[in-house]
Amino acid sequence: MNDIALTCKNIEVDFEGFKAVGGVDLELRRGEVHFLIGPNGAGKTTLVDAVTGLVGYTGSVLKDGEELRGKKVHHIARKGIGRTFQTATVFENLTVAQNLDIAAGSGRGPWSLLRRRRALPAAVTDTMERIGLADHADTLAGILAHGQKQWLEIGMLLVGDADVLLLDEPIAGMGHDERETTGRLLHDIAAERAVAVVEHDMDFMRANASRVTVLHGGTILAAGSVDEVSADPKVQEVYLGTSDHKEAADAAAA
Amino acid sequence: MSKFLQSRLGAWTGFAAAAIGLFAVAPLIMSGFRLGLFAQFICYAIVAVGIGLAWGRGGMLTLGQGVYFGMGAYLMAMHLKMADAEFRNGPGAVPDFMELAGVRELPAYWVPFASPAFTVAAILVLPTAVAVLLGLAVFKRRVKGAYFAILSQALAGAFAIFLIGQQTLGGFNGLSYFRYFFGFAINDPVNQQMLYFIAAGVLLAVVAVSLQLRRSRYGELLVAVRDSEERVRFLGYDSANIKVVAYAVAALFASVAGALFVPVVGIISPASIGIVPSIMFILGVAIGGRGTLLGPVIGALAVAWAQTTLSEQFPSAWTYAQGLLFVVVIALLPGGISSIPALARRIRVKNRPEPVEATA
Ligand SMILES: Nc1ncnc2c1ncn2[C@@H]1O[C@H](COP(=O)(O)OP(=O)(O)OP(=O)(O)O)[C@@H](O)[C@H]1O
Ligand SMILES: [Mg+2]
């Protein structure tokens, strides 16, 4: 399965004269984990914001051939585009099960909303299993560990039947084991979905990317396989310039 | 204990106890005058239940519930005045206060309020519809937080000023001297007790509705919107619609409370619905605990009682005390009185490393 789920054509985002994204083309395919990398301020998050309807843009975004530009945030989400945020955003005062049940229910009618939940939908229990939170069904999301929150947020997209997942720094703040688990989870869910991952961590990228797009200053610097991109002199230049800083940051985080 | 209260059986037991207290005990131990006062406080408590839903659960700081309270009250008062006029001078008669002001012809918008059915329908539908329209306009534009609070408060102020200007609604003095409530003489103590029973019954009903909403999936969704509206939208929900429902239910409760307030108290004027009364509604909810089911009720009753007792003795001091109380509660005890048991438990647990789980 390698069909194109999402096509972005010539996306431009203009913040009052400042071009945060300046003409980006991107294709996301089902079955792939597509990494979006680039230095701070490259426009990665802004690109995700544009696709999901949070900021206005020019150009075109097609999901399975249907234009998404101009649609409202919740309509785009209903088309199967799911996203996470750079800082994990879950409903802290609700339990893991409640978080997932809400995420599963955007299609519910008023009648089922106004009644009490009798049992957890199968999709919710399956997803809790999948994201490793089966033992935490009744734990408040607010007291989960950092990494668990990020898994929960991914789980919320899965249970909501998103088939294009845009994940903004999903392993930020995770330890080594949690990263490995997340990597496996990404490949697992990419089997029948298109997954895009915004990340700074190069090791994680090398280990998990099916395809890489490098953004810099709002435009695409390079795109291709991990090896192609790594060998690209323009990419080396951008990353050599920041690599000291990057390694220092990594060392500080460890 | 808290598990028990959350269970179905617990809820029924709680309602049964409240019903016995309201319907059997209160009429026994209170004089007619006290019972009338209690009925008035219950009207405030009904407003508070709605605020608990919209603010406590939905995060919408509804600083202007006086608008909906006032709508319900004036709609009811118009009917009562029409009924009185009809009783004295036959159908189509002009209410007494208009006669005094020299109005000979009944204004057209008063005419339908001769009908009790129309009036009840208007009380239920009109404020709710206004809340839906206003809510859609405001929430779709993503007006929230302090902006929403200021907007709703300004609305209450504007509504009171508008009413002061309406001579055919009694202007500054409002509407008063009601003789009959749907055919029952209001000054008859038996009927006054009946009004109290109606208010108490409505209070139980709105608490039941609020409980069901809190426990439903909608209730969870409302909390989700309160805590992270953006996340909810990115999951495919139109968060504005979710908020509008809670806001409209709160408006409906306020309207019904206003409608009951009129025969219970015997007067409605702009002074009872403007900014200051609206803040008093919020104050009770804040003090009682906006996040809980019964906190708003308890807080509203307590504030109304304090206001009645204290404002008689220290009329001007009460206003300041009210403001001070609000600030203190918001700053030091954001969960209100009802958060004290949980807080105490947490402190106790902190002091004793091994908490006993079995009794939970
Ligand atoms: N709402 C906004 N208004 C104005 N400028 C903005 C806005 N949002 C982002 N920007 C700017 O757009 C540029 C791209 O930001 P963006 O957040 O997309 O970068 P990023 O690639 O996600 O960076 P990071 O790796 O630090 O998350 C930055 O220069 C940022 O300051
Ligand atoms: Mg970013």
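Predicted model: local features only at pLDDT ≥ 70, side-chain atom pairs only at ≥ 80, totals over all residues.
How many residue pairs are in polar contact across the interface of domain 1 of chain A and domain 2 of chain A? Hold on to that one for a moment, and let me show you around first.

Hi everyone. Chain A is split into two parts: domain 1 takes in 1-80, 164-185 and 193-254, while domain 2 covers 87-162. Going by C-alpha atoms, the centres of domain 1 and domain 2 of chain A lie 25 Å apart. Where these domains touch, domain 1 of chain A brings 16 residues to the contact and domain 2 of chain A brings 13.

Now for the area. Domain 1 and domain 2 of chain A bury about 1200 Å² between them, and carbon and sulfur atoms account for 63% of that. On the domain 1 side, please find Leu165(A), Leu185(A) and Arg193(A): together they give 39% of the area that domain 1 of chain A buries against domain 2 of chain A, more than any other three residues.

Back to the opening question. The answer is six residue pairs in polar contact between domain 1 and domain 2 of chain A, both residues at pLDDT 80 or more. As for salt bridges between these two domains of chain A, the count is zero.

Let's finish on the face of domain 1 of chain A that touches domain 2 of chain A. Strand E7 (164-168) and helix H7 (176-190) of chain A each put at least two residues there. H7(A) gives the largest share, with four residues. Sorted by class, that side of domain 1 of chain A holds eight nonpolar, four polar and four charged residues.

Note on methods
Residues numbered from 1 in each chain as written. Chains lettered and ligands numbered in written order. Heavy atoms only, no water. Domains from an automatic or database assignment. Contact = heavy atoms within 4.5 Å. Buried area = accessible area lost by both parts, 1.4 Å probe. Salt bridge = Lys/Arg side-chain N within 4 Å of Asp/Glu carboxyl O. Polar contact = N/O pair within 3.5 Å; in protein donor to acceptor, adjacent residues only side chain to side chain. Nonpolar A, V, L, I, M, F, W, Y, C, P; charged D, E, K, R; others polar.
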